[in-house]
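Good morning, everyone. Please take a moment with the picture before I start. I'll go through a sheet, the disulfides and then the interface.

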Amino acid sequence: MVLASGTHGPLLESGWLLAIQVVLITTAFLLLTKPSQNPRREVLLLSSIVLFTAALRVAMEPLPNVQPVTMACLVAGARLGLRRGVAFAIMVTLLSNMVISDGWWTLFQASGWAMVAAAGAKFLNSEGVLNMRNLLYLSVVTSLLFDWWVSLSIIDSGTTFSDFMLYLANGFIFDLLHIFATMTFAMWLAPALSDLISEDATLTESVLAVGETDVVLG
Amino acid sequence: MRLVALTLALICFTSLVSAHSTVTDNWEKDLENGYISTAPLVTEHLVIVRTSGTWDGSGSPHVFAFDFSGEPVWQIENPHALHNDLSPLLLVTKGQGCGGTWQDMVIIAWADGKVQALDVATGTEQWSAQTEVDTWGITGSLALDGDLVVVPTRQGLSTYCLADGTLQQRVELNQLGWRNGVTVSDDAYLLGNEEGVLNTIYRNGTVISESIGDGKIRHAPLLTNAGILIHLQTKSASEIFINGELFLTAGPSPAMPVIYNNQVYLATSEDFIFLDCSLECENVGITPFHSNGEIAIQEFDDGEWKVWAPQNNPEGGWGVFTTTEDWMILQSPNDDYATAAPGFGSDGIYVLGNDKGILMFYTSQHNNSVISQGHEDLDYIFIITTLILLVSILASAPAFIFHLHEKLLKTLLPGVVIFMAFNITMISTAWSGYLSEQIEPEGDWDDSWSEEWKGSQVVVFELPEGQIVFGGLSGHKTVESLTDDAAFRVGILIEKETFDSGEWIKSINGHEGAGWEFKIDGERGLLGISEAEVTSDSVIRWYPA
């Protein structure tokens with residue numbers, strides 16, 4: 001729902017905005033603070049795909065509700081797993097919203113894409129291969145549910161249930177565009193992104209094996 | 001000595017030239033007194049114009065007279081006038097008859113029911129009369145009938161001697177009128193009203209009433225060779241009747257039609273309409289144009305003429321029509337909503353006034369910028385994105401035939417996304433319009449409001465200092481245009497900001513708060529104000545988020 005994307009959600013005082021950002025950053029940090037065999041490489045991988053996805057989102061911002069982040073979250077969840085997938089979603093949201101527009105809706109967008117990443121981790125991560133059919137199905141479902149979730153940010157004391165339903169109904173064309181755009185990204189970009197992450201992960205594992213041998217030998 | 005004489009001669013010549021140029025120079029004046037919603041009068045030496053007042057207590061309606069160099073000559077105000085001062089000024093040349101003799105006069109009808117005759121040269125009152133008031137008084141155009149001035153009053157008709165204002169005839173009618181001009185025929189006066197009834201008032205006092213239709217007659221009826229023409233304003237459109245028979249259905253909020261050389265010119269919020277009524281009336285053509293106010297004829301020495309109609313939208317300007325194919329929009333440096341026709345003088349002088357209250361005086365030497373209109377501007381984005389969509393459909397056809405689903409989606413989806421993304425405003429507006437048609441709005445009418453506002457557009461501002469309501473508006477198609485108009489009339493300052501989804505109100509009268517939201521007929525607005533559409537009787541309510 002494009003109207004919720006920074007146009008008409010409630011405005012927050014800077015203190016509240018800071019609090020939301022602190023909560024989100026802390027959550028991402030906690031999700032990433034787990035033992036890692038090659039933390040430097042992992043940080044590099046995660047940073048690069050976060051930067052790439054955030055930049056893509058900013059670049060696509062003039063096109064209403066064309067959201068490459070949804071596809072990226074599905075793939076990241078599938079390839080990086082639940083914890084890092086969710087952290088990825090939060091970081092992309094925070095970073096891109098710093099450029100686009102920050103507000104109450106950031107909380108809904110970050111949590112929404114985090115749920116998308118969780119869905120990717122749950123339903124796409126089978127046998128190390130990205131299941132394109134499931135990816136397309138999930139693109140449809142998660143794009144729609146993400147829009148509805150973010151639309152909750154417009155609710156205030158004066159919003160009735162029928163108001164909200166009418167709001168959702170009016171936004172259906174934007175939802176449809178989000179769905180088609182995510183499917184397009186899934187068809188054209190998801191395999192490459194998935195391969196990039198998998199390749200890097202494989203490389204990390206082989207480097208680690210050499211290192212461990214070295215340690216054993218030393 | 002010769003040098004001195006030559007210098008003096010040069011100085012005299014230069015001053016003569018400059019004196020002459022002050023007469024023919026163009027000028028403009030911000031009258032800072034609300035709208036100019038009726039045509040300025042141009043006499044031999046003066047420009048006379050009326051303003052509506054500001055309605056926020058800072059300025060009551062005025063009539064100003066300027067000379068051709070823009071210097072004020074006289075002005076009067078009516079501190080008791082009410083809203084909707086729409087009655088055009090009437091110029092009367094000197095003469096004699098009922099009551100004696102009279103000089104060149106301008107007759108002013110006010111919304112508080114007062115009729116006032118002023119000496120054109122000095123603005124001195126010659127006589128005045130009072131007519132009845134029901135919420136307001138006179139809003140229609142007056143007419144001359146020999147030595148009488150015919151006044152369409154709020155609920156009737158009065159005629160007065162031009163010389164001294166003696167009441168000659170008074171007829172009470174059953175219906176209330178608004179903007180209901182009167183027409184003088186050979187044996188009667190024709191007058192419409194808010195109930196769609198045409199009253200024919202004979203000079204002996206006999207009244208024949210004929211219901212034209214379910215709507216409002218807000219103009220002076222036209223006498224054509226085919227019969228009496230009425231452009232009836234209905235709830236969401238308008239209907240043109242000739243001799244009581246429906247001739248044509250047209251757009252909403254009709255302008256005040258005119259007839260010249262058996263050609264009838266009409267306008268609505270959607271179209272400018274040409275009828276040829278030489279024998280029977282015939283629809284000559286329709287041109288897309290938005291005009292709801294006065295229409296005027298500019299005559300030329302060679303017998304040709306042009307038709308001017310103010311464009312009543314934010315772009316403003318005046319449409320200048322020769323034929324349905326040959327027309328243009330004349331722009332001014334101060335364009336805004338316009339409802340007043342131009343005033344024309346000799347030597348090509350023309351005077352414009354707009355809803356911003358800016359009066360502009362031009363000579364024929366001046367060239368205003370003009371937008372030629374031959375055809376609608378092409379929407380290149382729509383054309384290009386449609387082509388892209390078609391190409392993607394064609395490219396995906398083989399994949400469809402051979403059941404290659406992945407390839408099908410890969411080629412088809414980018415075209416669909418590009419088409420939708422670049423035409424999202426058009427598509428979502430159509431979708432919202434469809435939804436609105438399915439949902440019956442609950443309405444937002446307040447019984448304490450004036451009955452006169454029923455059927456018109458109303459705007460409510462719920463400001464921290466209290467509620468401000470303004471109604472009786474018409475012709476607006478979007479929330480933005482309606483809000484701007486109402487805010488201007490009540491003197492409220494609106495600050496906007498632009499987002500991808502359109503324009504939104506940032507602050508109203510300096511109150512920013514947590515933002516502003518609006519309801520249309522009780523339903524929360526979901527589109528940007530420039531996209532959200534209103535009907536002819538919508539109530540827009542602005543309230544803090």
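Let me begin with a definition: two strands count as a pair if DSSP finds at least two bridges between them. And please keep in mind that this is a predicted model.

With that, look at chain B. Which strands form the open sheet there? There are four, in the order E25-E26-E27-E28, and their pairing is antiparallel. In general, strands of a sheet pair through backbone hydrogen bonds.

Now the edges. E25 covers 258–260 of chain B, and E28 covers 282–288. Each has a single partner strand, so one side of each is left without a neighbour in the sheet. From one strand to the next, the twist averages 20°.

Zoom in on one pair. Strand E27 of chain B takes in residues 271–276. How many bridges link E27 to E28(B)? Six, in the antiparallel sense. Within this pair, Asp271(B) sits opposite Pro288(B), a residue of E28(B).

On to the disulfides. Over all chains, the count is two. As a reminder, a disulfide is a covalent bond between the sulfur atoms of two cysteines.

Take Cys98(B) and Cys161(B). Their sulfur atoms are 1.5 Å apart in the model, and the two form a disulfide. Where do these cysteines lie? Cys98(B) is in the loop between strands E7 (95–97) and E8 (100–102) of chain B, while Cys161(B) belongs to strand E14, residues 156–161. The two are 63 residues apart in sequence, so the pair ties together separate parts of the chain. Are they buried or exposed? Both are buried.

The other disulfide joins Cys277(B) and Cys281(B), with an S to S distance of 2.0 Å. The link is right-handed, at 110° about the S-S bond. Here, too, Cys277(B) and Cys281(B) are buried. If we number the bonded cysteines of chain B in sequence order, the pattern reads 1-2, 3-4.

A quick stop at chain A. Cys73(A) has a relative accessible area of 0%. Buried means under 20%, so Cys73(A) is buried.

Last, the interface. How many residues are in contact? It is 30 from chain A with 28 from chain B. The area buried between chain A and chain B is about 2900 Å². Carbon and sulfur atoms give 73% of that area.

Terms used. Residues numbered from 1 in each chain as written. Chains lettered and ligands numbered in written order. Predicted model: local features only at pLDDT ≥ 70, side-chain atom pairs only at ≥ 80, totals over all residues. Heavy atoms only, no water. Axes fitted to C-alpha atoms, helices over the stretch in contact; angles between N-to-C directions. Disulfide = S-S within 2.5 Å. Buried < 20%, exposed > 50% of the residue type's maximum accessible area, 1.4 Å probe, protein only. Contact = heavy atoms within 4.5 Å. Buried area = accessible area lost by both parts, 1.4 Å probe.
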